[in-house]
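Welcome to this guided tour! Open your viewer, get ready to select residues by number, and follow along one stop at a time.

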Amino acid sequence: FASEYSADDPINKDPFYIYRNNTKLPRSYLIFRSEKLDTLEDFYNKLADDNFLNEQKVMVEDDDLKINIPGKSVKNVAINSEKSDKISLSASSDTDAVLVLTDTYYPGWTAYIDNTRTDIYYVNLTQRGLFFPKGNHDVKYIFQSASFETGKKITVIGSFILFLTVFLSSLTFPRKD
(Lines give C-alpha, C1' and ligand atoms only; values in the text may rest on other atoms or scores of the structure.)
Protein backbone atom coordinates (compact mmCIF):
# COMPACT_ATOMS: atom_id res chain seq x y z
CA PHE A 1 0.00 0.00 0.00
CA ALA A 2 1.41 3.37 -0.96
CA SER A 3 -0.29 6.69 -1.26
CA GLU A 4 0.95 9.87 -2.84
CA TYR A 5 0.22 13.26 -1.36
CA SER A 6 0.95 16.59 -2.97
CA ALA A 7 -0.30 19.77 -1.37
CA ASP A 8 -0.30 23.24 -2.83
CA ASP A 9 2.62 24.06 -0.59
CA PRO A 10 4.87 26.74 -2.15
CA ILE A 11 7.90 25.44 -0.22
CA ASN A 12 7.68 21.74 -1.05
CA LYS A 13 6.19 20.80 -4.41
CA ASP A 14 7.58 17.24 -4.31
CA PRO A 15 5.12 14.49 -3.37
CA PHE A 16 5.83 12.24 -0.43
CA TYR A 17 4.80 8.64 0.04
CA ILE A 18 3.40 6.71 2.98
CA TYR A 19 4.03 2.97 3.00
CA ARG A 20 2.44 0.25 5.09
CA ASN A 21 4.09 -3.14 5.44
CA ASN A 22 1.30 -5.70 5.61
CA THR A 23 3.74 -8.61 5.94
CA LYS A 24 5.70 -7.36 8.95
CA LEU A 25 6.83 -9.72 11.68
CA PRO A 26 5.56 -9.32 15.25
CA ARG A 27 7.63 -7.57 17.90
CA SER A 28 8.80 -10.88 19.30
CA TYR A 29 8.82 -14.27 17.60
CA LEU A 30 10.44 -17.69 17.44
CA ILE A 31 12.25 -18.58 14.26
CA PHE A 32 13.71 -21.94 13.28
CA ARG A 33 16.24 -21.08 10.59
CA SER A 34 19.27 -18.84 10.83
CA GLU A 35 22.10 -17.83 8.59
CA LYS A 36 25.49 -16.79 9.94
CA LEU A 37 26.90 -13.71 8.27
CA ASP A 38 30.49 -12.67 8.86
CA THR A 39 30.67 -9.14 7.46
CA LEU A 40 28.53 -6.07 7.17
CA GLU A 41 28.74 -6.40 3.40
CA ASP A 42 27.22 -9.91 3.64
CA PHE A 43 24.37 -8.44 5.67
CA TYR A 44 23.63 -5.71 3.13
CA ASN A 45 23.83 -8.18 0.25
CA LYS A 46 21.32 -10.40 2.02
CA LEU A 47 18.96 -7.44 2.55
CA ALA A 48 19.21 -6.59 -1.17
CA ASP A 49 18.09 -10.10 -2.09
CA ASP A 50 14.44 -10.06 -3.19
CA ASN A 51 13.81 -13.46 -1.57
CA PHE A 52 15.12 -12.46 1.86
CA LEU A 53 11.70 -11.82 3.44
CA ASN A 54 10.27 -15.06 2.08
CA GLU A 55 13.07 -17.21 3.52
CA GLN A 56 11.89 -16.83 7.13
CA LYS A 57 15.45 -16.75 8.43
CA VAL A 58 17.20 -14.66 11.01
CA MET A 59 20.67 -13.33 10.32
CA VAL A 60 23.10 -14.08 13.14
CA GLU A 61 26.72 -13.25 13.93
CA ASP A 62 27.41 -16.08 16.38
CA ASP A 63 27.65 -19.86 15.92
CA ASP A 64 25.59 -20.40 19.10
CA LEU A 65 22.47 -19.32 17.20
CA LYS A 66 23.00 -21.40 14.08
CA ILE A 67 19.86 -23.43 13.58
CA ASN A 68 18.12 -25.00 10.59
CA ILE A 69 14.84 -26.82 11.08
CA PRO A 70 13.05 -26.83 7.71
CA GLY A 71 9.29 -26.87 7.49
CA LYS A 72 8.74 -24.71 10.57
CA SER A 73 7.35 -21.23 10.20
CA VAL A 74 7.70 -18.15 12.38
CA LYS A 75 5.81 -18.48 15.65
CA ASN A 76 4.47 -15.59 17.71
CA VAL A 77 5.58 -15.03 21.28
CA ALA A 78 3.22 -13.66 23.95
CA ILE A 79 4.34 -10.46 25.64
CA ASN A 80 2.97 -10.73 29.19
CA SER A 81 4.11 -7.40 30.59
CA GLU A 82 6.25 -4.51 29.53
CA LYS A 83 7.90 -1.63 31.35
CA SER A 84 10.74 0.63 30.33
CA ASP A 85 13.26 -1.60 32.15
CA LYS A 86 11.60 -5.04 32.03
CA ILE A 87 9.86 -7.17 29.41
CA SER A 88 8.22 -10.49 30.29
CA LEU A 89 7.47 -13.03 27.55
CA SER A 90 6.20 -16.59 27.36
CA ALA A 91 6.63 -19.04 24.51
CA SER A 92 6.42 -22.69 23.64
CA SER A 93 8.22 -24.72 21.01
CA ASP A 94 8.56 -28.42 20.27
CA THR A 95 12.11 -27.83 18.94
CA ASP A 96 14.99 -25.52 19.67
CA ALA A 97 14.60 -22.05 18.14
CA VAL A 98 15.90 -18.50 18.15
CA LEU A 99 13.77 -16.04 20.07
CA VAL A 100 13.91 -12.58 18.48
CA LEU A 101 12.90 -9.38 20.20
CA THR A 102 12.89 -6.69 17.53
CA ASP A 103 13.91 -3.94 19.95
CA THR A 104 17.34 -2.46 19.33
CA TYR A 105 20.19 -4.32 21.01
CA TYR A 106 21.61 -2.09 23.74
CA PRO A 107 24.22 -2.89 26.40
CA GLY A 108 22.81 -3.26 29.90
CA TRP A 109 19.99 -5.68 29.07
CA THR A 110 20.14 -9.14 30.60
CA ALA A 111 17.92 -12.09 29.70
CA TYR A 112 16.57 -14.93 31.82
CA ILE A 113 14.84 -18.11 30.69
CA ASP A 114 12.89 -19.58 33.61
CA ASN A 115 14.96 -17.40 36.00
CA THR A 116 18.29 -18.71 34.62
CA ARG A 117 20.48 -16.08 33.01
CA THR A 118 21.17 -16.57 29.32
CA ASP A 119 23.22 -14.76 26.69
CA ILE A 120 21.74 -12.14 24.38
CA TYR A 121 23.09 -11.98 20.84
CA TYR A 122 22.88 -9.56 17.95
CA VAL A 123 20.45 -10.80 15.29
CA ASN A 124 19.47 -9.03 12.07
CA LEU A 125 22.36 -6.67 12.82
CA THR A 126 20.55 -4.52 15.41
CA GLN A 127 18.00 -6.67 17.22
CA ARG A 128 18.15 -8.93 20.29
CA GLY A 129 18.08 -12.69 20.03
CA LEU A 130 18.65 -15.65 22.28
CA PHE A 131 18.79 -19.41 22.02
CA PHE A 132 15.37 -20.78 23.01
CA PRO A 133 15.41 -24.47 24.06
CA LYS A 134 12.41 -26.64 23.25
CA GLY A 135 9.59 -26.59 25.77
CA ASN A 136 7.41 -24.02 27.55
CA HIS A 137 9.44 -21.16 28.97
CA ASP A 138 9.08 -17.74 30.55
CA VAL A 139 11.61 -15.20 29.30
CA LYS A 140 12.48 -11.93 31.00
CA TYR A 141 14.59 -9.09 29.68
CA ILE A 142 15.75 -6.76 32.46
CA PHE A 143 17.72 -3.56 32.02
CA GLN A 144 20.55 -3.44 34.57
CA SER A 145 23.02 -0.82 33.42
CA ALA A 146 26.28 -0.79 35.41
CA SER A 147 26.96 2.84 34.46
CA PHE A 148 23.49 3.91 35.64
CA GLU A 149 24.00 2.14 38.99
CA THR A 150 27.44 3.76 39.37
CA GLY A 151 25.91 7.17 38.63
CA LYS A 152 23.20 6.54 41.22
CA LYS A 153 25.79 5.69 43.88
CA ILE A 154 27.86 8.79 43.05
CA THR A 155 24.74 10.96 43.31
CA VAL A 156 23.78 9.52 46.72
CA ILE A 157 27.32 9.86 48.10
CA GLY A 158 27.67 13.39 46.67
CA SER A 159 24.33 14.45 48.17
CA PHE A 160 25.35 13.03 51.55
CA ILE A 161 28.69 14.89 51.44
CA LEU A 162 26.94 18.14 50.45
CA PHE A 163 24.40 17.76 53.28
CA LEU A 164 27.16 16.95 55.78
CA THR A 165 29.22 19.96 54.62
CA VAL A 166 26.29 22.37 54.99
CA PHE A 167 25.37 20.89 58.39
CA LEU A 168 28.93 21.04 59.74
CA SER A 169 29.51 24.54 58.39
CA SER A 170 26.39 25.77 60.20
CA LEU A 171 27.74 24.31 63.47
CA THR A 172 31.25 25.63 62.92
CA PHE A 173 30.26 29.10 61.69
CA PRO A 174 27.02 30.03 63.47
CA ARG A 175 25.13 33.07 62.18
CA LYS A 176 25.39 36.23 64.25
CA ASP A 177 22.29 38.38 64.32
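**Stop 1: a pair across two strands.** Select Tyr121 and Gly129: Tyr121 stands opposite Gly129, which is in strand S13. Before you go further, note that this is a predicted model, where local features need pLDDT of at least 70 and side-chain atom pairs count only at pLDDT 80 or more, while totals for chains, interfaces and linings use all residues. Residues are numbered from 1 along each chain as its sequence is written, and side-chain values use heavy atoms, with hydrogens and water left out.

Strands here are DSSP runs of E with at least two residues, helices are runs of H or I with at least four, and both are numbered from the N terminus. Now colour S12 and S13: they pair in the antiparallel sense over three bridges. (Two strands pair if DSSP finds at least two bridges between them.) Together they form a hairpin with three residues between them, and Asn124 in that turn has a positive phi of about 50°.

Stop 2: Select Asp119, in the loop between strand S11 (116-118) and strand S12 (121-123). The cut-offs are under 20% for buried, over 50% for exposed and in between for partly exposed, using a 1.4 Å probe and protein chains only. Leaving aside neighbours within four places in sequence, Asp119 is in contact with Gly129 and Leu130; contact means heavy atoms within 4.5 Å.

**Stop 3: along S13 to S9.** Select residues 127-132, which make up S13; five of these six residues are buried. To see one of the partners, show Ala97 and Phe132.

**Stop 4: S3.** Which strand do four bridges join to S9? That is S3, and S3 and S9 run antiparallel. Show Ile31 opposite Val98 in S9. S3 also pairs with strand S6 (residues 75-76), in the antiparallel sense over two bridges, and there Leu30 has Lys75 as its bridge partner.

Both faces of S3 are covered, with Ser28 and Leu30 buried on one side and Tyr29 and Ile31 buried on the other. Zoom in on Ser28: its relative accessibility is 1%, so Ser28 counts as buried. Beyond its neighbours within four places in sequence, the contacts of Ser28 include Asn76, Leu89 and Val100.

**Stop 5: the largest pocket.** Select Leu25, Tyr29, Phe52, Leu53 and Lys57, which lie nearest the centre of the largest pocket among its 20 lining residues. S3 and helix H1 (40-48) each supply at least two residues of the lining. What is the make-up of the lining? It divides into 10 nonpolar, eight polar and two charged residues.

**Stop 6: zoom out.** Show the whole chain, with its two helices and 14 strands. The radius of gyration is 25 Å, well over the 16 Å that the globule rule gives for 177 residues, so the chain is more spread out than a compact globule. (This radius is taken over C-alpha atoms, and the rule is 2.2 Å times the number of residues to the power 0.38.) Along the principal axes, the C-alpha atoms fill a box of roughly 85 × 60 × 35 Å. Buried residues make up 26% of the 177 residues.

Note on methods:
1 Å grid on protein atoms, 1.4 Å probe; cavity = no way out; pocket = protein on both sides within 12 Å on 5 of 7 lines; lining within 4 Å. Nonpolar A, V, L, I, M, F, W, Y, C, P; charged D, E, K, R; others polar.
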